[in-house]
2 protein chains.
Amino acid sequence: MSQPSPAGAETNDEIPEHRFSSSLSPEDFKALFRGHPGGVAVITADAGDGPVALTATSVASVSAEPPLLIFSISALSSASDVLSRAGTVVVHLLDANDIEVAELGAAHGVDRFAQTHRWSRLVTGEPVYSDVRAWVRCAVIDRMDAGTSTVIAAHALQSHIERDVQPGGAGDALVYHNRSWHQLGAHSRIEP
Amino acid sequence: MSQPSPAGAETNDEIPEHRFSSSLSPEDFKALFRGHPGGVAVITADAGDGPVALTATSVASVSAEPPLLIFSISALSSASDVLSRAGTVVVHLLDANDIEVAELGAAHGVDRFAQTHRWSRLVTGEPVYSDVRAWVRCAVIDRMDAGTSTVIAAHALQSHIERDVQPGGAGDALVYHNRSWHQLGAHSRIEP
């Protein structure tokens with residue numbers, strides 16, 4: 001039998017090591033995804049030391065029953081530390097009327113909660129921006145490390161839809177693509 | 001010390017249990033995401049028993065260095081079993097010229113590889129559709145269960161861009177939203 005590790009000894013047991021004979025350069029990888037559009041969300045949380053907010057295009061629904069979604073957070077984000085500890089989050093699903101909130105969650109060096117008329121707190125404590133298309137309060141149920149990012153899986157607990165999309169309609173849907181904002185509608189719809 | 005478990009004994013240790021006092025209904029959850037647009041990808045793989053393909057709007061870049069992406073697969077998908085075993089996958093990032101491939105990967109009861117002029121195999125064995133905007137071959141590095149779906153993290157190994165987007169341009173970007181296809185361009189672009 002091996003000796004038990006001395007208290008405080010560091011081991012690499014839990015750090016996955018991946019070695020590949022080829023690996024895409026960061027530049028080539030960015031070029032790929034520059035051409036891949038995404039819906040826009042702002043995620044907020046408060047782990048007890050003040051509210052944080054972050055704009056993300058990685059939010060995706062993974063199952064309706066149970067109601068689960070995922071998103072990823074870069075360790076470089078100012079919200080990363082709080083989101084790694086928060087038990088619940090609010091995911092705001094935005095439309096073109098919400099561009100200012102989307103830009104706020106992506107801005108550097110600004111207080112994303114300075115405009116006190118723009119947000120409030122749910123009775124459960126989470127910060128929520130006002131008048132956005134929709135939001136959903138979620139409990140974080142799992143986390144997976146992926147390089148310098150963390151993928152978070154969350155269970156939807158409570159939602160509010162301010163502006164619903166009608167069957168066959170596009171609403172004022174907002175898309176981020178190649179560093180620009182786009183709005184969907186009859187003008188963008190195509191048939192196969 | 002506790003007794004070791006008898007061989008073959010089943011425990012629930014690895015099954016995460018989540019109980020919530022409130023949980024969103026499947027209908028309310030679907031209504032939320034109906035209004036959330038997504039870029040369109042087709043994921044292919046072959047774990048040794050024939051090629052599979054699946055259309056997904058959950059593909060997201062999570063880090064450029066290392067080059068990592070994620071996507072989720074429903075256990076209900078016909079490709080789910082193969083994707084749970086495949087060591088590598090090809091993620092095709094589509095534009096509006098690729099709608100037929102996108103519909104193929106979402107069609108029920110059809111052979112998604114019947115049209116032999118539409119696809120080939122990389123020298124490493126993975127099936128790849130021809131003439132799509134871009135594809136990236138990836139090694140699966142981690143999997144996370146989320147309800148009846150699996151979230152897959154993959155490391156990009158090799159890519160091909162057939163149609164690049166120019167700085168400031170929209171290319172022929174394809175978006176799926178509220179069960180319709182949309183094409184981005186100068187007509188959809190908005191300023192804050």
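Reader: How many residues does the contact take from chain A and from chain B?

Author: Good place to start! This is a predicted model, and in it we look at what chain A and chain B each bring to their contact. The contact takes 85 residues from chain A, and from chain B it takes 85 residues.

Reader: What area is buried between chain A and chain B?

Author: The size of an interface is often given as the accessible area lost when the parts come together. Carbon and sulfur atoms give 68% of that area between chain A and chain B. The total buried between the two chains is about 6,800 Å².

Reader: Which strand of chain A gives the most to the side that touches chain B?

Author: On the side of chain A that touches chain B, one strand gives the most, with eleven residues. That strand covers residues 134-146 of chain A. The name you want is strand β9.

Reader: How many nonpolar residues does the side of chain A that touches chain B have?

Author: Let's sort that side of chain A by class. It has twelve charged residues and 29 polar ones. The nonpolar residues there number 44.

Reader: How many residue pairs are in polar contact across the interface of chain A and chain B?

Author: Two kinds of link can be looked up here. Salt bridges between chain A and chain B come to zero. For polar contacts across the interface, with both residues at pLDDT 80 or more, the number of residue pairs is 30.

Reader: Which residue of chain B stands opposite A:I190?

Author: Strand β13 (residues 189-190) of chain A and strand β12 (residues 180-183) of chain B run antiparallel, joined by two bridges. In β12(B), the residue opposite A:I190 is B:W181.

Reader: Which strands of chain A are included in what covers the buried residues of α1(B)?

Author: Helix α1 of chain B spans residues 26-34, and its buried residues are B:P26, B:F29, B:A31, B:L32 and B:F33. Part of their cover comes from chain A. The chain A strands included are β4, β5, β6, β9 and β10.

Reader: What length has the polar contact that joins the side chains of A:E126 and A:T124?

Author: The side chain of A:E126 makes a polar contact with the side chain of A:R137 at 3.5 Å. With the side chain of A:T124, the polar contact of A:E126 is 2.6 Å.

Reader: Where in chain B is B:R85, the partner of B:D49?

Author: Side chains of opposite charge can pair when their charged atoms come close. B:D49 and B:R85 form a salt bridge, with their closest N and O atoms 3.0 Å apart. B:D49 is in the loop between β2 and β3 of chain B, and its partner is 36 residues apart from it. B:R85 lies in helix α2.

Reader: How many residues apart are B:D95 and B:R163?

Author: The side chains of B:D95 and B:R163 meet in a salt bridge of 2.9 Å, N to O. B:D95 is in the loop between β6 and α3 of chain B, while B:R163 is in the loop between β10 and β11. That pair links distant parts of the chain, with a separation of 68 residues.

Reader: Is B:D98 buried or exposed?

Author: B:D98 and B:R163 meet through their side chains in a salt bridge of 2.8 Å, N to O. B:R163 counts as partly exposed, because its relative accessibility is 24%. The value for B:D98 is 4%, so B:D98 counts as buried.

Reader: How many salt bridges does a search of the whole structure find?

Author: Shared partners in chain A are worth a look too: salt bridges join A:D49, A:D81 and A:R85 into one network. Over all chains, the number of salt bridges found is 16.

Reader: What percentage of the residues in chain A is buried?

Author: Chain A has three helices and 13 strands. Its C-alpha atoms fill a box of roughly 70 × 45 × 40 Å along the principal axes. Of the 192 residues in chain A, the buried ones make up 51%.

Methods. Residues numbered from 1 in each chain as written. Chains lettered and ligands numbered in written order. Heavy atoms only, no water. Contact = heavy atoms within 4.5 Å. Buried area = accessible area lost by both parts, 1.4 Å probe. Salt bridge = Lys/Arg side-chain N within 4 Å of Asp/Glu carboxyl O. Polar contact = N/O pair within 3.5 Å; in protein donor to acceptor, adjacent residues only side chain to side chain. Helix = DSSP H or I, 4+ residues; strand = E, 2+ residues; numbered from the N terminus. Nonpolar A, V, L, I, M, F, W, Y, C, P; charged D, E, K, R; others polar. Pairing = 2+ DSSP bridges. Buried < 20%, exposed > 50% of the residue type's maximum accessible area, 1.4 Å probe, protein only.
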